[in-house]
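Student: Could you walk me through this protein, one question at a time?

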Amino acid sequence: MAGTSTEVAKETLAYCTSCKMDLNSIIVAMKGDKIAKVQCFTCKKEHVYRAPKGVTEPKAKATRAPRKKKSEDGTTPENSIEAEWEKLMNAHKDAPMKSYSMKGQFTLGDKVKHTNFGDGIVGRLIYPNKIEVIFQKDMKILIHGGVPDSK
Ligand SMILES: [Zn+2]
């Protein structure tokens, strides 16, 4: 004996089309070695055998690719800058926002409002007259202190 229980009058788990769930059923007809018809224990109806839904069928449609990476412009990932910017803006949320001007004097942690780049924060001072400002999308080196950019 093969030891299988798929034969007429045996119990099997099948999807009942009437009850709309996997239920114990009794096999009423076989087609070759496949179950053709079953009778649902619950509703007592005979119906065409359907494999239980909870069981993976070989023809299961498991082909889905939800992975879709959206890159803004194909350049280097800016996420780290944005995360850094958020962190810094948060850390200095009480600091006053200063409008950027080449004649202005900025120091570490100052919040800078730039007409082109938006709101940023001074992340680094570059001697003698430059500041590195972290904006949401980018990092910029700006001149300050009213000192002309000389060598
Ligand atoms: Zn049923």
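Tutor: From the N terminus on, the elements of the protein chain run β-β-β-β-α-β-β-β-β-β. Helices (H or I, at least four residues) and strands (E, at least two) are DSSP runs, numbered from the N terminus. This is a predicted model, where local features need pLDDT of at least 70, side-chain atom pairs count only at pLDDT 80 or more, and totals for chains, interfaces and linings use all residues. Residues are numbered from 1 along each chain as its sequence is written.

Student: Which residue in E9 stands opposite Glu132?

Tutor: Look at E8 (residues 130-135) and E9 (residues 139-143), which pair in the antiparallel sense over five bridges. They make a hairpin with three residues between them. Glu132 is also the bridge partner of Arg124, while opposite Glu132 in E9 you'll find Ile141.

Student: How many of the 13 residues in H1 are buried?

Tutor: A residue is buried if 20 or more other C-beta atoms lie within 10 Å of its own, exposed if 12 or fewer, and partly exposed in between, with C-beta atoms placed from the backbone. H1 (residues 79-91) is hardly covered, and its count of buried residues is one.

Definitions and conventions. Expected span 1.5 Å × (residues − 1). Pairing = 2+ DSSP bridges.
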